[in-house]
Amino acid sequence: MPDPTPRSAEPKSWLEAGHAFAYGRHQVFYAERGDRTADTALLLIHGFPTSSWDWHRLWDALGARFARVIAPDMIGFGFSAKPKDHAYSILDQATLHEQLLAKLGVKRVHILAHDYGDTVAQELLARQLDGGTPRIESCVLLNGGLFPETHRARTIQKLLLTPVGPLLARLMGQSSFDKSFSAVFGARTQPTPLELADFWTLIRREKGHLLFPKLIGYMPERIRHRERWVGALQKTRVPLRVIDGADDPVSGAHMVARYRELVPVPDTVLLPGIGHYPQVEDPQGVLRALLEFHDRLR
């Protein structure tokens, strides 16, 4: 099994190796590797408030296993456009992924998603049940709010939904970000100062942090669309696996317990001592569980 690397790409080199496509009036960044003529790909869907760079520790190993790997920055995140007047929603982000895959000629897709990206994946699964394309061959979900009732939002997330949200976003700086972001990692897998600086640089690009009050709208969206999105997990015939950092205070072992209650024949892997960002904290563990799952699909 190929080994994930501790730091396979700096954000600057990630950008330089990437591409862009037009989503409406805006440019959306995506990273890609492998055979661009392949009609089957592994799609990586990142979380809030970060970007496709979250996958950099797995990038080389995934490229060695899958013929084609695609990792976009959703609109409002990372190196993609961050328009102030955009109607940000999970539904819109799902459409973005559909349009990107269609542009790239992808007809069949395996999904690896995290956090906010899990909800996007749930909507894509729901659209497949509705007869949409491309065909989803498998879906692996890392820590995320699959069920509104088990999502333990951080205080800052709750406050961003209130009228004081825009003020809090303007006041947020590197030190406050470091504190809140580190709090969702495992006690022994804390991000380094360099990693924190890189994450914050990508968030602050084009003043992206000011969009937090709009982007955080995914939390009430999950409540409004719970029946559709939880139903997608329950009704889909797509092979599913959850790989979860057990010590995540937001969507850790308690979320997996709920998943096991609600989803038929649940396939779950708990990573002990790992927090909300398992692909950063324990890339080897994520890779092992991911490839074990895909080996069974052959």
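Reader: Which residue in strand 2 is the bridge partner of His-19?
Author: Tyr-30 is the partner of His-19. Bear in mind that this is a predicted model. The two residues belong to a larger pairing. Strand 1 (residues 19-23) and strand 2 (residues 26-34) run antiparallel, with 5 bridges.

Reader: What do strand 1 and strand 2 form, and how many residues lie between them?
Author: They form a hairpin, with 2 residues between the strands. Look at Gly-24 in the turn: its phi is positive, about 65°.

Reader: In what order do the strands of the sheet lie?
Author: Start with the general idea. In a regular strand, side chains alternate between the two faces of the sheet. Now the case here. The sheet is open and has 8 strands, in the order 1-2-4-3-5-6-7-8. Its pairing is mixed. For a parallel pair, take strand 3 (residues 40-45) and strand 5 (residues 108-113), joined over 6 bridges. There, Leu-43 stands opposite Ile-111 of strand 5.

Reader: Which strands stand at the edges of this sheet?
Author: Strand 1 and strand 8 (268-271) do. Each has a single partner strand, so one of its sides has no neighbour in the sheet.

Reader: Which strands does helix 14 touch?
Author: Helix 14 packs on the sheet and touches strand 5, strand 6 (135-141), strand 7 and strand 8. Its direction makes about 170° with that of strand 7. Helix 12 (residues 253-262) lies across strand 7 (240-245) and strand 8. The angle of helix 12 to strand 7 is about 155°.

Reader: At what angle do helix 3 and helix 4 cross?
Author: Roughly 70°. The axes of helix 3 (residues 90-103) and helix 4 (residues 116-129) come within 9 Å. Angles of 65 to 115 degrees count as roughly perpendicular, so helix 3 is roughly perpendicular to helix 4. Among the residues making the contact are Ile-90, Leu-91 and His-97 of helix 3, and Tyr-116, Val-120 and Arg-127 of helix 4. The contact residues divide into 6 nonpolar, 4 polar and 3 charged.

Reader: How much space lies in the largest pocket?
Author: The general idea first. Rolling a probe the size of a water molecule over the atoms shows where empty space is left. Here, the largest pocket holds about 170 Å³.

Reader: Which residues lie nearest the centre of the largest pocket?
Author: Val-238, Leu-240, Val-263, Pro-264 and Val-265, out of 14 lining residues. The lining divides into 10 nonpolar, 2 polar and 2 charged residues.

Technical notes
Residues numbered from 1 in each chain as written. Predicted model: local features only at pLDDT ≥ 70, side-chain atom pairs only at ≥ 80, totals over all residues. Heavy atoms only, no water. Axes fitted to C-alpha atoms, helices over the stretch in contact; angles between N-to-C directions. Helix = DSSP H or I, 4+ residues; strand = E, 2+ residues; numbered from the N terminus. Parallel < 35°, antiparallel > 145°, perpendicular 65-115°, else oblique. Contact = heavy atoms within 4.5 Å. Nonpolar A, V, L, I, M, F, W, Y, C, P; charged D, E, K, R; others polar. Pairing = 2+ DSSP bridges. 1 Å grid on protein atoms, 1.4 Å probe; cavity = no way out; pocket = protein on both sides within 12 Å on 5 of 7 lines; lining within 4 Å. Points joined across faces, edges and corners; volume = space filled by probe spheres on them.
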